Amino acid sequence: MAPLEIYAGKKARETIMKNGFSPELFSYFLGASGGPKWFSLAGLDRVLFPEWFANVNHQIHVVGSSAGAFRAICAVQDDPLAAINRLATSYSTTTYSEKPTPREITAKAEDLLLEMVNDIGKQEVLTNSRFKAHLIVAKCLGATRFESKFRQLSGLAMSAAANAFSRKNLSRLYTRYVFSTPNTDFVINDPYHIPTKYHDLTQGNIHNALLASGSIPIVIEGIPQIEGAPEGMYRDGGIVDYHFDLSFGPDEGLVLYPHFYEKPIPGWFDKGLKGRVPHQSSYDNVVMLVPSSSFVANLPYSKIPDRKDFEVLDADTRIKYWQTVLQETDRLGEYFMRAVSDGTLVDAIKPLPFKMI
C-alpha cells in the first residue's frame, strides 16, 4: 500500500484534472500545530521546498502556527533542507529534567530557535522574494494573559466553555496576530471573524514571534513583547488556529497542506467537540498529503510521535523512537516525488474524507 494519502477539495481536484499536478498551481503552504507530530511529515518537508518548489517563479505564502511556524521559517531560508534537518535534530534530541519548569522548557525552546535560524538565516527569511513566511500567534485578552498557573487554568476553562457554544466567542478572549515577511499583501479569511492583526517580521522579532507561536499555555512562558506589536501576552497560535478553518488571499492558487491526520481540527479547544468541523470554503482549494494508516501502523508503537512521549518514555527510548520516525518518513517524500514524476499522483487523489459545513 502507498505510504501517503492525497486528498483534495472540489475546486482543487477540478484544477488538477484540468492542468495536472505541478508546483505552479500552488500559492499557499500550510503547517499545523502539533509539536512532535511534525516528525511524521519531515520526509515531505525535506523534498517539497528543497526540490519540488525549488524552481517556481511566483510567490508562495508559507503559513504556520506553533510547530508549523517553525517549519515555515525553515522553508523560507536559502537552504531549506539544512534548516529542516537542524530543526529535526535539535527538537528530537531535546531533554529536560524530571520535573521541568516553564522556565526550563522555555530556555530549551530558545536554544532550539538559535540553532534553527541564526542572524544570517533571519536575513534570508526577510529578503526571500518568492517564499513568504506568515507566523500565527494568539494574543491573550482574558485570564490566559497572566503567568500564574491558576489564572491560566481558569482562563483556559473559560475559553473552552465559550468555544463550546461557538468559535466566534473566542473573539472576546483572543486576537489572532500574523507576523509576515515584509512586502506581502497576504490576508486571512476567517468564517468566524476572529479579529486578525498583521505585523512585519523583522531581524529583531523573528525569534520572539516564533517562540510566541509555540508557547503552549502553562507549559511554556508567554511572550509579553514582540517588536512592532502592542504590549500584551502572546501565546501558541494553535489556541485559535490548531489545524485551520481558514482560507487565504489575495492569490487564487491552491493550498498544499501536509498534515499528520486526515481530519483537521479547527482550534485547540475543538479537540473534544466531534461536531466542530471546518467550512467547505476553507478546504475547497486545498490538497492534503497525509501519512497512510498502514504507514503509521508500521512505525514504532504504531503511532506518530506526540508530546506525551516526554512523559511515558525515558529520554534514550524517546530519542531513538523519534529519530527512527524521522528516517522512516523519507519514504513519504520519495513516494511523493516519484508519483509526481510518473503521473500516478493525479490518479491517487481522493475527495476530502471529513465532514464540512
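A polar contact here is a pair of N or O atoms within 3.5 Å; within protein, one must be able to donate a hydrogen and the other to accept it, and residues adjacent in sequence count only if both atoms are side-chain atoms. This is a predicted model: local features need pLDDT of at least 70, side-chain atom pairs count only at pLDDT 80 or more, and totals for chains, interfaces and linings use all residues. Residues are numbered from 1 along each chain as its sequence is written, and side-chain values use heavy atoms, without hydrogens or water.

**View 1. R276 and its polar contact with D270.** The two side chains are joined at 2.7 Å. R276 sits in the loop between β10 (254-258) and α9 (280-283) (DSSP runs: helices H or I, at least four residues; strands E, at least two; numbered from the N terminus). R276 is buried, at 12% relative accessible area (buried is under 20%, exposed over 50%, partly exposed in between; 1.4 Å probe, protein chains only).

**View 2. The largest pocket.** Its space is about 920 Å³. Of its 36 lining residues, Y96, I105, V219, R307 and F310 are closest to the centre. A pocket is an open set of points on a 1 Å grid over the protein atoms alone, where a 1.4 Å probe fits, with protein on both sides within 12 Å along at least five of seven lines; lining residues have an atom within 4 Å of a point. Helix α5 gives the largest share of the lining, 5 residues.

**View 3. The second largest pocket.** About 280 Å³ of space lies here. Among its 16 lining residues, K37, Y242, W268, K271 and R307 lie nearest the centre.

Terms used: Grid points are joined across faces, edges and corners, and a volume is the space filled by probe spheres set on the points.
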